[in-house]
Amino acid sequence: MIQRRITFYCCSKGLPSYQLHQLKRLADYFRSSVTLLNLRQLRKADIRQPLRMLSLASKPGELCQLVIQGNDAELAHMVLTEFIAEFAKPVIQRRMKNASSSGLLANIQSPLPFDFSFSVHSISTIDAATPKPKVIASLVDRLNQQKVSTGTKKQLVECFMAREKVSATVMGKQIALPHIMHESITLPGMAVLSSNAGIEWGSNRGPVIQMIAMVLPKPPQRPVVMAFAHFSQCLLNDDFCEALTTAKTPAVIHAIILNALSSVESLR
């Protein structure tokens, strides 16, 4: 079964009913199933459920995905991508219409009410044969590049490994969330490594294919705690985990994580 995803932000009017009707008509040309997933609400609807679809894509700035599954998913992906590019703001655009298009995507994201170090350059891949301590060291390298800490790499690696000895930080489906609070952390930060095959993380939940390192100052501010606690709760949702682990580009991973961090209503 082939699966393809289109990640996009709804524009100022969301996706009105007539556009959703057009989307359904296009999807009907293909044998693949098409589902709309709202990554803020963590709810989904089949393309044949117009009222549920409308409730998921009616607000401006909502981060959504079209999940396409079936033997002709690649062809459907090509056609539906063109449709989404006309009526919404895809996170990945094959061709920018003008120089300001990328800026529009940045502006549509809800800003966090605290300084946070996390960019697409903090996201990369790693070989599946890499042992856990080297994965941790690679994550710390990316965190240090963001200057989130005044401590040494050795100190941070030791803190992460000490936390892992308490219990392996496997959260949702095939995702590990190694995390620490430390006096040397100057601002909250994240780094992400993905693998195309499982990495042993010492958990009875099995290997992981995505590792998200999270560092917080000690003590952290309340908005920081709320945002990161909400993110960890999202990792217990299978749809959210699948969206993250199937994301093929740093830009999509970055958008999904930022959206989850900014989804706590009381932060607004």
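In this predicted model, helix α1 (residues 17-27) and helix α3 (residues 73-87) cross at roughly 170°, and their axes come within 10 Å. An angle over 145 degrees counts as roughly antiparallel, and α1 is therefore roughly antiparallel to α3. On the α1 side the contact involves Gln19, Gln22, Leu23, Leu26 and Ala27, which meet Val79, Leu80, Phe83 and Phe87 of α3. By class, seven residues of this α1 and α3 contact are nonpolar, two are polar and none is charged.

From α5, the residues in contact are Lys132, Pro133, Ile136, Ala137, Val140, Asp141, Leu143 and Asn144; from α6 they are Lys153, Leu156, Val157, Phe160, Met161 and Glu164. This contact of α5 with α6 holds nine nonpolar, one polar and four charged residues.

| Helix pair | Angle | Axis distance |
|---|---|---|
| α1 and α3 | roughly 170° | within 10 Å |

Helix α5 itself has 14 residues and reaches 20 Å from its first C-alpha to its last, close to the 20 Å expected at 1.5 Å a residue. Its buried residues are Lys132, Val135, Ile136, Ala137, Leu139, Val140 and Leu143. Besides α6, these buried residues of α5 pack against the strands β9 (189-199) and β10 (208-217). Just after α5, Lys147 has a positive phi of about 55°.

Methods:
Residues are numbered from 1 along each chain as its sequence is written. This is a predicted model: local features need pLDDT of at least 70, side-chain atom pairs count only at pLDDT 80 or more; totals for chains, interfaces and linings use all residues. Side-chain values use heavy atoms; hydrogens and water are left out. Contact means heavy atoms within 4.5 Å. Helices (H or I, at least four residues) and strands (E, at least two) are DSSP runs, numbered from the N terminus. Ala, Val, Leu, Ile, Met, Phe, Trp, Tyr, Cys and Pro count as nonpolar, Asp, Glu, Lys and Arg as charged, and the others, Gly among them, as polar. The expected span of a helix is 1.5 Å times one less than its number of residues. Buried means under 20% relative accessible area, exposed over 50%, partly exposed in between (1.4 Å probe, protein chains only). Axes are lines fitted to C-alpha atoms, for helices over the stretch in contact, and angles run from 0 to 180 degrees between N-to-C directions. Angles under 35 degrees count as roughly parallel, over 145 as roughly antiparallel, 65 to 115 as roughly perpendicular and the rest as oblique.
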